[in-house]
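Here is a friendly walk through charges and surface patches. Have the sequence and the model open as you read.

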Amino acid sequence: MKRVFGIKKDKEPPPSIQDASDRINKRGDNVEEKLKKLDAELSRYKEQIKKTRPGPAQEAIKARAMRVLKQKRMYEGQRDMLYSQTFNLDQVAFASEGLKDAQQTMSALKSANKELKGMMKTVNIQDIDNLQDEMMDMMDVSNEIQETLGRSYNVPDYIDEEELMGELDALEADMGSEADGIPSYLQPDKEEPDVDTEFLPAAPTGNTTAAQGEDEHGLPTVPRASLRS
C-alpha cells in the first residue's frame, strides 16, 4: 500500500516574518547590483557618444544606451516594489512584537497581582494600628522613666521662679557695689615722694642772661645793688 499511495509528507511550517523579510532583502540586494552594472554601462555609452561623430555609429550607440536605460527603469520598479514589501513586513513585525510585549506585560501583572493578594491576606490593618498604639504607649512610659531618673534630689517642686529672679538681681547689685568701693587693703600702693627732690629749691626757669641784659660789648651787665655793695 505504501508503494502505491506513497508516504504522507509532513507539512513544512509556514515562513516567519523574519524569513520573508530576509528573502526580500536578498532579492533587493541582487537588484541593486544589477542597477550598478547598468549605470556603469550607461556611463561608458555616454563617453562613446561624445567621442563619435554624428552618423550611423553614433545612432547604434544611442540605441544600445536606450536599451540599457529601459532595463534600468524596469529594475528600479522592481526595487521600489521590494522596498514596499519590506516596509509592510516591518510594520507587521513591529505590531507582532508589540502584541508579544503586551502579553508578557499582562502575564507579569497577573502574577504580581496574585502575589500581592497572598501577601495582603497575611497583613491586618487593625494589627498595625494596635502595634502603633502600643509603641506610642511604651515611648510615653520611657519618657516618664527618664524624667524621673533625671530629677534632682533635695530640690522642692514649689520654688517660686519670681523669688529666685529677685534674689539673682539683688546678688548682681551687691557685686556692683563691691566693685565700686574696693577696700583699702586691696587698692594698689601710692607712690612715695622722693626725699632728695622734695626739700630742694626749685631750679630757676627762664633765660637769666636775657633778664640781666647785655652791655655794648655783649657782656652781661652787673646789677646796681652789687655795685653799691
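## The acidic patch

Glu144 sits in helix α4 (residues 125-149); helices here are DSSP runs of H or I with at least four residues, numbered from the N terminus. With 52% relative accessibility, Glu144 counts as exposed. The scale is simple: buried is under 20% relative accessible area, exposed is over 50%, and partly exposed lies in between, using a 1.4 Å probe and protein chains only.

Glu144 belongs to a negative surface patch, together with Asp127, Asp129, Asp133, Glu134, Asp137, Asp140 and Glu147. A patch takes residues with over 30% relative accessible area and no salt bridge, joining like charges within 9 Å and nonpolar side chains (Val, Leu, Ile, Met, Phe, Trp, Tyr) within 5 Å. Asp and Glu count as negative and Lys and Arg as positive, while His and the chain ends are not counted. Each charge is placed at CG of Asp, CD of Glu, NZ of Lys or CZ of Arg.

## How to read the values

This is a predicted model, in which local features need pLDDT of at least 70 and side-chain atom pairs count only at pLDDT 80 or more, while totals for chains, interfaces and linings use all residues. Residues are numbered from 1 along each chain as its sequence is written, and side-chain values use heavy atoms, with hydrogens and water left out.

## Salt bridges

How many salt bridges are there? The count comes to four, where a salt bridge is a side-chain nitrogen of Lys or Arg within 4 Å of a carboxyl oxygen of Asp or Glu. One of them pairs Glu32 with Arg79 at 3.5 Å, N to O. Glu32 lies in helix α2 (residues 17-51) and Arg79 in helix α3 (residues 56-121), so this pair ties together parts that are 47 residues apart in sequence. Glu32 is partly exposed at 23%, and Arg79 is partly exposed at 21%.

Arg79 also forms a salt bridge with Asp80, the closest N and O atoms being 3.9 Å apart. Within helix α3, Glu76 and Arg73 are three residues apart, about one turn of the helix, and their side chains form a salt bridge at 3.7 Å, N to O.

## A nonpolar patch

Met165, Leu168, Leu171 and Met175 make up a nonpolar surface patch with about 400 Å² of accessible area together, computed by the Shrake-Rupley method with a 1.4 Å probe; for residues, only the protein chains shown count as cover. Met175 is in helix α5 (residues 161-180) and is exposed, at 54% relative accessibility.

Methods: Helix = DSSP H or I, 4+ residues; strand = E, 2+ residues; numbered from the N terminus.
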